[in-house]
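We will go from stop to stop, picking residues as we go.

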Amino acid sequence: MAISTDTTDCRIKLENITKQYPGCLANDNISLSLLPGEIHALLGENGAGKSTLVKTIYGVVSPDQGKIIWDGEQVHVKSPSDARDLGIGMVFQHFSLFETLTVSENIELCLSKKQLIAIENLPEKIRNLSKAYGLDVDPDRYIHSLSIGERQRVEILRCLVQSVKLLILDEPTSVLTPQEVANLFVVLNKLSAEGCSILFISHKLHEVTEICQKATILRGGKVISTCSPREESPSSIAKMMVGDLAEQDAGYSKKEGSKVIFQAKELNLPTKQPFGTELKKINFDLKAGEILGIAGVAGNGQDELMAAISGEDGRLVNNMLFLNQQDIGKLDAGERRQLGMANVPEERLGRGAVPEMSLTENTLLTQSKGFISNGLVNWKKVQQHAQKIIDQYKVKCHGEFSDAKSLSGGNLQKFIMGREIGQNPIVLICAHPTWGVDVGAALSIHQSLLKLRDEGAAILLVSEDIDELFLLADRIGAVCDGHLSPLIKTDETDIEQIGLWMAGSFIPESLEATQ
Amino acid sequence: MDAELLSQILFSAIKTGTPLLLIALGEVICEKSGVLNLGQEGMMLMGAVVGFLAAYSSGSVGLGVLGAIIIGMFMSLIFAFLVLHLGANQVATGLALTIFGTGLSAFVGSDVVGQTIQGFQPIIIPVLSDIPFIGRILFTHDLLVYVSFALAALVSYVATKTRIGLIIKAVGENPHAANAIGIKVLKVRYLAIMFGGGMAGLSGAYMSLVYTPMWIENMTSGRGWIALALVVFASWRVGRIMLGAYLFGLASIMHLVLQGMGWSISPNLLAMLPYVATVVVMVIISADHFKEKLLAPRSLGKPFDPRQMA
């Protein structure tokens with residue numbers, strides 16, 4: 001085995017990793033190296049191949065070609081347990097935790113028998129580590145009782161217990177409040193100072209420039225560039241990620257809105273799911289011609305609120321929801337749509353569209369006006385309408401007869417947004433409008449939303465992306481644990497304050513005590 | 001009612017509840033790993049007929065038990081291959097397995113219907129069986145009842161105290177996460193299903209070698225189904241499964257007891273008591289939907305395909 005001097009310095013070095021999936025070359029000859037203690041960002045748009053690459057390192061995916069050199073020696077990582085034996089730890093984007101087990105049981109599952117024997121008292125060790133790194137978490141608590149931020153700490157502790165030498169974090173900050181992000185960075189810097197290498201996947205460029213020493217940018221499965229983020233600006237990195245200079249969203253004008261068109265009054269709703277969130281006294285007014293943004297970390301009641309407003313959750317009673325002074329609490333989703341409401345749910349496949357049905361059929365699902373004569377469907381008209389949406393929103397697909405499930409997430413999102421906006425609703429409720437959508441398409445969705453607003457529609461925007469909310473929303477608030485914060489004009493607040501609200505600072509202590 | 005009669009009733013309740021306990025112990029492990037196997041009745045019948053045939057032809061009840069366990073595992077292996085490897089629907093496959101087992105057992109056993117053999121004999125444990133009242137109820141049974149006590153303790157210990165139990169629970173809770181941390185989900189589920197199959201076979205052998213030492217077509221009379229309800233009733237906890245099995249055992253012998261006491265209720269009406277009890281229990285449990293969801297393995301009945309993890 002040839003060992004050159006530069007590979008021996010590296011903690012890990014990837015050489016020419018290639019992975020082919022049916023119909024897509026996910027990784028094309030990727031080479032990458034990390035020094036001990038280096039914080040290295042892996043950047044790229046959705047589908048650029050970041051996830052495939054880190055899964056290769058962690059042994060979840062086996063590469064078609066290429067080698068992995070770990071501490072100067074070539075290794076074959078066949079499974080995650082191989083990776084852990086080497087000292088590689090990974091924090092997944094969708095946490096790999098078991099909700100009905102305790103923190104300490106979750107961590108135990110990840111350890112090999114040998115490691116378990118070496119650790120005499122696991123709960124004690126967890127307590128010590130959490131103290132040493134400021135990752136406050138009680139080993140005896142059940143996961144389902146933990147907040148998202150706490151769950152992430154459990155994932156990180158799980159890696160630390162195994163004295164990790166390379167920590168991979170897949171979009172760690174997308175689920176955190178700004179304050180939690182700051183805490184996470186303190187931990188990461190501490191680990192880095194102790195010699196642990198960190199591979200950090202993110203979409204958020206300002207975070208990358210803040211914490212990472214090096215960055216590798218992927219596009220279409222290839223390495224486009226490697227740079228030092230501290231010497232670059234977020235916009236120059238964005239340019240490398242997207243390829244051409246995408247039009248930057250340059251702050252849009254804010255509107256006041258006219259009369260109140262939609263109201264929620266004392267909306268209380270107990271949870272249906274064991275791990276759901278109860279809605280507690282939600283009150284808000286939505287005016288015609290404004291965009292109201294609701295921020296919040298996932299799982300704080302957004303899904304429940306969306307389901308209650310759209311009519312999917314049919315347990316509402318009278319005097320809770322009003323559309324144009326009409327009590328719509330007891331109307332079902334279809335009846336609410338007929339009154340001019342439209343809805344883009346978070347879950348695209350399954351809620352927003354039926355996976356097995358074509359785009360044409362999916363068009364008909366939420367809109368039948370004009371397509372039906374004498375009780376029969378005029379398929380030609382539906383088809384033309386679907387085609388129009390596809391053209392207008394540049395949906396990449398084989399045509400209007402493609403199954404919804406054959407589209408990539410971002411393209412399906414564009415289609416659903418187009419379908420709902422095309423109905424000229426008077427109230428549009430919309431979750432994560434540009435989730436997984438590339439920069440160019442996001443811009444066109446933003447403009448469509450603003451146009452709809454300017455035409456007098458009321459838009460309720462629920463998103464985890466604070467930057468997007470600040471860009472689009474005229475007024476903004478946050479949900480935390482089923483409570484809705486006060487609403488404030490976007491111009492009169494800042495990310496700091498909304499971040500505090502997302503963490504629940506607006507909830508009176510008397511209420512918190514009763515929980 | 002005097003103590004003598006009461007101890008006799010409780011003794012019989014344990015004896016009647018034992019096949020339910022055995023099969024439910026297998027099913028609870030299977031369900032904890034996230035697999036719902038509705039083929040219990042079919043596997044149990046196959047266990048009963050093969051156990052009887054093996055014992056009848058060899059003259060050894062031990063070989064009968066062994067044969068029953070092996071055929072139960074083999075039947076469950078068919079199920080496991082279909083649902084784990086080929087991704088077939090668990091409910092449909094389980095139902096098919098029951099129909100298949102019912103028919104095949106009737107066919108295989110057609111020559112020996114009504115034949116009898118010398119089944120397991122009671123083993124009266126010295127000293128312990130002399131304890132007043134309790135000794136008679138607990139320590140004058142046959143070998144398989146003592147085995148069922150031991151298995152209940154073992155399953156309970158493994159499920160709640162060991163790493164294996166933790167892994168099974170993790171797989172049933174979130175197979176994708178389990179796969180991501182390197183647990184071999186399909187292997188765990190294969191083993192859990194086969195344990196369930198072996199227990200169903202053993203339970204069948206209890207029917208044809210101990211309870212009524214003979215083979216009659218469809219002799220398990222729905223016990224496989226009652227066991228499925230029992231697992232839910234017990235909210236996947238072994239202690240409660242044991243209690244539930246004996247309660248159902250008690251319900252099954254109520255008609256004999258009441259007849260013995262001279263009550264004139266139609267025996268047919270009373271014989272349906274365990275089935276009515278099953279329906280009532282399911283209704284009560286399902287009424288509290290919230291709680292059921294919290295206790296059930298969260299991925300129960302959902303297929304898992306590691307190849308889709310791209």
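Predicted model: local features only at pLDDT ≥ 70, side-chain atom pairs only at ≥ 80, totals over all residues.

Residues are numbered from 1 along each chain as its sequence is written, chains are lettered from A and ligands numbered from 1 in the order written, and side-chain values use heavy atoms, without hydrogens and water.

First, select L109(A) and I183(B), the residues with the most contacts inside the largest nonpolar core, which has 82 residues. (Such a core joins buried Ala, Val, Leu, Ile, Met, Phe, Trp, Tyr and Cys residues through side-chain atoms within 4.5 Å; buried means under 20% relative accessible area, exposed over 50%, partly exposed in between, with a 1.4 Å probe and protein chains only.) Helix 9 of chain B, residues 185-211, gives this core its largest share, 14 residues. (Helices are DSSP runs of H or I, at least four residues, and strands are E runs of at least two, numbered from the N terminus.)

Next, pick residues 143-161 of chain B, which form helix 6. Among its buried residues are L144(B), Y146(B) and L151(B).

Now move to chain A and show D71(A) with R11(A), whose side chains meet in a salt bridge at 3.5 Å, N to O. (That is a side-chain nitrogen of Lys or Arg within 4 Å of a carboxyl oxygen of Asp or Glu.) R11(A) counts as buried at 10% relative accessibility, while D71(A) is partly exposed at 33%.

Finally, select K255(A), R453(A), D454(A) and D474(A), which a network of salt bridges links.

Definitions and conventions
Expected span 1.5 Å × (residues − 1).
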